[in-house]
Amino acid sequence: MELRKLTDIEIGTVATIDSFTDEETSILLLEMGCLPGESIEISNIAPLGDPIAIKVSGYKLSLRKKEAATILVR
Amino acid sequence: MNKQFNVALIGNPNTGKSTLFNALTGLNQKIGNFSGVTVERKTGKLELNENLTASLIDLPGTYSLYPRSADEHIALEILNSTKNPDYPNVVVVVVDATNLKRNLLLLTQLIDLQLPVVLALNMMDVAQQSGIEINVPLLAEKLGVPVVAVTARDFQGIPALKEAIVQQFEQPTLPSSTIHIHGYAPEVIDEIKNYFHINNDYAAFELAHHYHELNNLTQEKKDAIEAIGLKYNFNANKTQVAETIDRYNYINEILSDTVRKNKPALEETRSNTLDAILTHRIFGLLIFFVILFGVFQSIFNWSQYPMSVIENVFISIENYLTAILPAGILTNLIIGGILPGMSGVLIFLPQIAVLFLFIAILEDTGYMARVTFMMDRLMKNFGLNGKSVVPLISGIACAVPAIMSARNIENWKDRLITIFVTPFMSCSARLPVYTLLISLVVPNKFVFGFLSLQGLILMAMYLLGFVSALLAGWLLKLFIKTKSKSYFLMELPVYRMPRWSNVGITIFNKARTFVMEAGKVILAVSIILWVLATFGPSKDFDAIETKYAKMSSENTTVELNSSTLESKKKAEKLEASYAGLLGKFIEPAIKPLGYDWKIGIALVTSFAAREVFVGTMSTIYSVQGDGEHLDTVREKMLEARNPETGELTFTFATVMSLMIFYAFAMQCMSTFAVVYRETNGIKWPLIQLFTMTAFAYLAAFAVYQFLS
């Protein structure tokens, strides 16, 4: 299956984290439980269109689209 | 014999760590600062059994030993140096039982540092309700550390937790390393171990990562570690990625047969429904503004009564002391300097308490995280961050606790800009100034029959404060350059009912911080101002004394009663005092703004704290009593005329110019002091003082010239 940016998937679609495109951001994301192989889902989007809230590792995390775009999912 | 030892409480944010801290220590807490830094240091007495009492320290919430903010840095600093006075004998790791995976990352790092740990599984009640089954004995066996299930909010599991702490203190069980750290950088780890004479791989690995930010290392040691790193091409990012992934693999293995989730968590479903409404594109923002408006209203409505009680108490004390103390310079100092200084501090307590009541509730329920989430996009444009919302809102009460609450902003640039712009928010000290000035020129009328015109102008001043904070942020964004990237990563915790004891303790602590931080500065400055306003060149003072002594002896029966005479004398003395001389000295500079030397005195005296303006005005316009009688000050000010030209002193243009000046000028020594400490130097508070005051001057000048 082809890789997509996390920001390209629809709200409510469950995807699996594959890899990251930015090393510095990936460290922060890994620590917060965004691990390759983990399932991830966009839960909701802030009223002004950014940041977004995702469900990952059993909890809800918010992050800016800029950071979310560094997560590649399949 | 009593033995004393240190226990540290550590855990991710939102794990109920403070609730557990409160449950373990009760009100037996001490708040201070960690030496050298301004992070709040919360300690308490933990009685374990008849013979054993520990000092419990609450370390700031952190996700890992790789700190991102000033708050998180503390844990690293303490745990990396056995010589640190706070170095713990036992570490209690608090985790949210409903969210074990991410929470255990920190635990595995602490185990690898060979620290005796106790794992406290908090919120077990919620976990059970959500259908999460945790096999506690098996978890303890697999991890090799004591595991205790607790529900801090109703004190369940506290005795067992205490027992486990005692056990880890007397006979620590230290499991072997959870992951193979040595393999990440074998040569670097070995050389650092040799250099420092330590035998722990992870401690050496941590040093390789964090040496540059550890205050306990000498420059020589830092250089040595740097050299070792360079020699072997140590890649901090790559090794951290490897470490984190390995840790999660270990955790997944641990959790594979110890935790079972039976049904979708009810709390989580409810939380999602709430989020759909509370962060909705339209309703979300609408609800936020309604809440903000309610908080705003309550700050003023609820605190009115207690504020007048405090005022009256101080008036009674003043009257009482005037009656019993012998007349003299010391009595004058107490009544004219110390008492007003103290009341000037305490008068703001009600507003601060009400504000932090709301902030504590909003934070405890999880709503504040959503506000941060919703506002980030807007704040980002102005060099700020979603997390700047709490400091900005707190700034409505007082900039001092507000600036301190900016500590959890990870990015230094975002935090600095937040600190810089917070004093633009209209704080409670500006309120009495605005109230007096508005009453001078704005008629007490209603528009559309129900909106008070004076109230509207006041609201406009608050809006002006907020807008200028944003604009200042936008400007600063262009000037401040940093290497670190701005990012926003924040957990959205599940909504919960507020824990009232936490709310109460937060209010208490914030109020105490305000009194200690702002209080001492305001008090000291009040005394200095009293000296400036009481003393002057003795030649001039003697002349006044003689003049009035003569007048009162000639004038025993006539209409001039002695108290009027007394207040006239007071006003003349103020004019001749050092404060008066200063006012006259700066008159040429403030004339283009529409002010005379009398207003100049008020500017000088309120430079340390804005609210002093009202008191000074009442002294200058020789009102009997003090600033409490607003009506009389107002009347005298309305009648005041320029003795040379005969024109009114407080014209519309002058008053507007004054309001603008007070809106922008940084007239608050306490803020200056707190910015100095939070930014670790004199540079930023000086820049802030200078730019804000210069801007205030220019804006007031423009307003006066335009209106007059």
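B:Met404 lies in helix α17 (residues 399–404) of chain B; helices are DSSP runs of H or I with at least four residues, strands are runs of E with at least two, and both are numbered from the N terminus. The model is predicted: local features need pLDDT of at least 70, side-chain atom pairs count only at pLDDT 80 or more, and totals for chains, interfaces and linings use all residues. Residues are numbered from 1 along each chain as its sequence is written, while chains are lettered from A and ligands numbered from 1 in the order in which they are written.

**Surroundings of B:Met404**

- B:Met404 counts as buried because it has 22 C-beta neighbours inside 10 Å; the cut-offs are 20 or more other C-beta atoms within 10 Å for buried, 12 or fewer for exposed, and partly exposed in between, with C-beta atoms placed from the backbone.
- Apart from neighbours within four places in sequence, B:Met404 is in contact with B:Thr513, B:Val674 and B:Glu678, where contact requires C-beta atoms, placed from the backbone, to lie within 7 Å.
- B:Met459 is 55 residues from B:Met404 along the chain, and 26 Å separate their C-alpha atoms.

**Domains of chain B**

- Chain B is assigned domain 1 (3–170), domain 2 (283–457 + 478–500) and domain 3 (501–707); such bounds come from an automatic or database domain assignment.
- Taken over C-alpha atoms, the centres of domain 2 and domain 3 of chain B are separated by 22 Å.
- In chain B, 43 residues of domain 2 are in contact with 49 residues of domain 3.
- On the domain 2 side of this boundary in chain B, the elements that each supply at least two residues include α12 (283–324), α14 (349–365) and α17.
- The largest share of that side, 10 residues, comes from α13(B).
- The side of domain 2 that touches domain 3 in chain B has 33 nonpolar, 6 polar and 4 charged residues; Ala, Val, Leu, Ile, Met, Phe, Trp, Tyr, Cys and Pro count as nonpolar, Asp, Glu, Lys and Arg as charged, and the others, Gly among them, as polar.

**Nonpolar cores**

- The largest nonpolar core has 188 residues, and those with the most contacts inside it are B:Val93, B:Val118, B:Leu119 and B:Ala120; a core is a set of buried Ala, Val, Leu, Ile, Met, Phe, Trp, Tyr and Cys residues joined through C-beta atoms within 7 Å.
- Helix α28 (residues 652–664) of chain B provides the largest share of this core, 9 residues.
- Beyond four places in sequence, the contacts of B:Leu119 include B:Val93, B:Leu107, B:Leu143 and B:Val147.
- A second, separate core of 16 residues includes B:Tyr184, B:Ala185, B:Ile192 and B:Ile225.

**Interface of chains A and B**

- Between the chains, 29 residues of chain A are in contact with 32 residues of chain B.
- α1 (23–31), β3 (39–45) and β5 (59–63) of chain A each supply at least two residues of the chain A side, and the largest share, 8 residues, comes from α1(A).
- The chain A side divides into 13 nonpolar, 9 polar and 7 charged residues.

- An open sheet of 7 strands has the order β1(A)-β6(A)-β2(A)-β3(A)-β4(A)-β5(A)-β12(B), with antiparallel pairing; two strands pair if DSSP finds at least two bridges between them.
- β1 (4–5) of chain A and β12 of chain B are at the edges with a single partner strand each, so one side of each has no neighbour in the sheet.
- β5(A) and strand β12 (residues 489–491) of chain B run antiparallel and are joined by 3 bridges; B:Glu491 is the bridge partner of A:Leu61.
- β1(A) and strand β6 (residues 71–73) of chain A are joined by 2 bridges, with A:Arg4 opposite A:Val73.

Definitions and conventions:
Contact = placed C-beta atoms within 7 Å.
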